[in-house]
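Okay, thanks for coming, everyone.

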Amino acid sequence: MRIACVGTHLAASFRRMGHEVLDLHPPGGIVDIAALLDAHGFAPDLLVQQETLGARVILAELETLRCRKAYWAIDSHLNMHWHRHYARLFDVLFTPHLSLFRALPPQWRHPQAVHLAMSGHARPWQPHAGRGHDVSMVGVLDKHRPLRGWLAELLRGRFGVQARQGVPFAEMLALYGDTRIIPNESIGFEVNFRLTEGASCGACVLTPDVGPDQDALFDDGHEMVVYADGLDLLEKLRFLLRRPDVAERIGRAAWERVQAQHLPDHRAATMLEAVGSTPGNAATGMAGAEALWLTLFHRMRTDVLDLPPDAVPNALDDLPETPESMAARLRAVAEPPRGQTPLPVRETPALADVLDRLLATGAHAEDLDVNVAAAGAALVRGDLKAAKPFWYRLHQARQLRQPDKPQSVYHACLLWAELLRREGRDAQPGFTYDPERHCPEAAFEMLVLAQRHNGGDLEWMRGVERLTSRRKALTFYRLGILARLALEPGAPWRTQAEYGLTCLRAYRVEQGLHELAEAGRRATAEGQQRAFLRLLDGYAPGGHLRRGLDVAPAASPAMPSATPPDAEADISPDAIAAPPADGGDRT
């Protein structure tokens with residue numbers, strides 16, 4: 001088979017399997033892949049593109065290629081806002097984060113998504129007795145990663161571990177090979193590089209519970225150690241330090257699993273098997289052109305792609321009108337460049353014309369995204385009158401129950417946020433939403449916009465709490481909201497308990513135990529001690545919460561209940577916890 005590889009490290013593996021390979025590593029930006037292949041005189045049977053950290057490569061003219069195409073999306077936890085469009089250009093989508101794609105609304109999912117985690121590394125086994133470090137931590141520490149910063153503080157304070165940053169890749173692997181235990185943290189509670197890198201080096205990786213994507217790679221208790229929160233991490237880390245034989249046994253099992261199943265040759269074989277058994281799914285013709293321009297538009301929104309300002313609207317105008325292209329066109333004509341304030345609807349002729357035509361013709365009245373884009377364009381401008389018709393026409397077209405009447409821009413944002421939440425459009429991690437110019441697309445973004453118009457009252461806080469309860473990736477925001485809700489007059493003990501549990505998940509162990517102990521005292525005073533214990537056991541079946549509370553020091557009378565954390569209770573762009581993935585930092 002003739003295989004064109006773009007940015008992937010699997011070229012050597014494909015060659016060892018007997019295939020003819022063209023190994024391409026173009027610079028970041030938009031690349032005409034058809035012209036590049038012609039220049040090399042190479043007509044592939046299969047094209048494989050791997051997303052790389054740093055500058056991303058977007059392949060143009062994919063829809064003109066007759067070969068099979070596969071995309072390996074490595075950083076979907078930070079790039080889903082454009083991956084869901086770009087993936088349409090490929091027959092098969094490979095990703096370490098399959099659960100994220102399966103959680104998308106049905107119309108956003110790829111028909112052939114396959115779990116494929118990042119490769120491990122072939123390295124010799126090093127017995128733990130000869131290793132120089134008990135615990136090592138390597139990772140970027142900045143304002144975008146507050147939870148990781150709190151983990152670093154916890155490890156430094158309890159064990160004297162100094163987190164390292166900016167370590168070259170080869171030196172990092174050498175350090176892991178000289179380390180017995182590696183605590184892991186992932187910015188979006190997703191499978192990350194640190195897991196397979198640490199396992200490749202035979203270290204015992206202590207990693208958060210991120211679900212089935214991770215469980216498919218290693219077995220908890222045998223090849224990795226999974227923890228539920230900061231308290232559980234401390235308990236398990238102490239045990240592993242006391243029992244170096246257990247840490248070595250787990251590290252050795254993880255290393256063996258990597259050598260047997262997780263090397264580049266294994267990834268190449270998995271990829272070829274999946275591609276060979278799947279029907280053609282890649283968008284072609286005008287559908288492929290639409291997928292490319294939607295990809296480019298969503299990358300332009302994050303200011304990582306420099307195109308002329310009229311390029312996207314003009315391109316979308318030239319395509320057959322679909323709900324997807326119409327929603328993008330609305331946002332393209334409604335969103336000004338960074339630093340510019342949106343003009344009123346009637347002072348933005350291109351936007352006003354599109355809104356008027358949609359209402360006059362009834363086009364796409366049943367489509368959620370078109371109506372959200374149209375209403376959002378008006379709400380960003382504080383124009384409730386222009387936003388209302390799109391709320392009502394969606395309910396009428398879908399024959400939904402009688403809708404609530406938006407009373408203000410703030411109230412309209414809350415109503416849209418709840419509708420989007422029910423539709424499974426919670427958030428877009430990695431997309432830095434700017435309420436001053438971006439038309440909201442997800443529930444979280446509607447709540448950010450609502451806060452801009454009202455500052456955030458109790459109803460708003462409860463909306464944020466409901467949303468963040470479903471997404472571990474939003475733990476940072478949940479922490480700030482629960483801190484405020486727990487301080488509300490008459491707040492139930494369960495709210496304080498949830499705040500304590502979230503503190504623990506964010507590695508703020510002392511504060512979390514304090515809040516849980518206070519919630520337990522309140523529950524006991526109300527005759528609900530058994531309910532409190534059921535809550536603890538439901539969250540921690542292994543009993544680490546009961547053990548932690550048994551040894552927790554008594555709360556100081558001077559320490560107020562529900563002490564706010566070092567986190568903003570708002571969800572404005574300044575508080576964004578997830579950085580754009582295009583900076584090239586390892587996550």
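So, handedness before anything else: a crossing is left-handed if the near helix is turned anticlockwise from the far one by less than a right angle, and right-handed if clockwise. Helices here are DSSP runs of H or I with at least four residues, strands are runs of E with at least two, and both are numbered from the N terminus.

Quick housekeeping. This is a predicted model, so to speak: local features need pLDDT of at least 70, side-chain atom pairs count only at pLDDT 80 or more, and totals for chains, interfaces and linings use all residues. Residues are numbered from 1 along each chain as its sequence is written, and side-chain values use heavy atoms, with hydrogens and water left out.

Two packed helices are described by the angle between their axes and the distance between the axes. The axes are lines fitted to C-alpha atoms, for helices over the stretch in contact, and the angles run from 0 to 180 degrees between N-to-C directions.

Take H12, residues 285-301, and H14, residues 323-334: their axes come within 11 Å and cross at roughly 30 degrees. That makes H12 roughly parallel to H14, given that under 35 degrees counts as roughly parallel, over 145 as roughly antiparallel, 65 to 115 as roughly perpendicular and the rest as oblique. H12 passes H14 in a left-handed crossing. On the H12 side, Glu290, Leu294, Phe297 and Arg301 meet Glu324, Ser325, Ala328, Arg331 and Ala332 of H14, where contact means heavy atoms within 4.5 Å.

Now the other pair. H6 (residues 169-177) and H7 (residues 193-200) have axes that come within 8 Å and cross at roughly 60 degrees. So H6 is oblique to H7. This crossing of H6 and H7 is right-handed. From H6, Phe169, Met172, Leu173 and Tyr176 meet Arg194, Glu197 and Gly198 in H7.

On to cysteines. How many disulfides do we get, counting pairs of cysteine sulfur atoms within 2.5 Å? The count comes to zero. For Cys67, the nearest cysteine sulfur belongs to Cys5 and is 12 Å away. Cys67 counts as buried at 9% relative accessibility, buried being under 20% relative accessible area, exposed over 50% and partly exposed in between, with a 1.4 Å probe and protein chains only. Cys503 is buried too, at 0%.

Last one: Gln50, which sits in strand E4, residues 46-50. Buried or exposed? Gln50 is buried, with a relative accessible area of 12%. Leaving aside neighbours within four places in sequence, Gln50 is in contact with Val6, Gly7, Thr8, His9, Trp72 and Ile74.

Conventions:
A disulfide is a pair of cysteine sulfur atoms within 2.5 Å.
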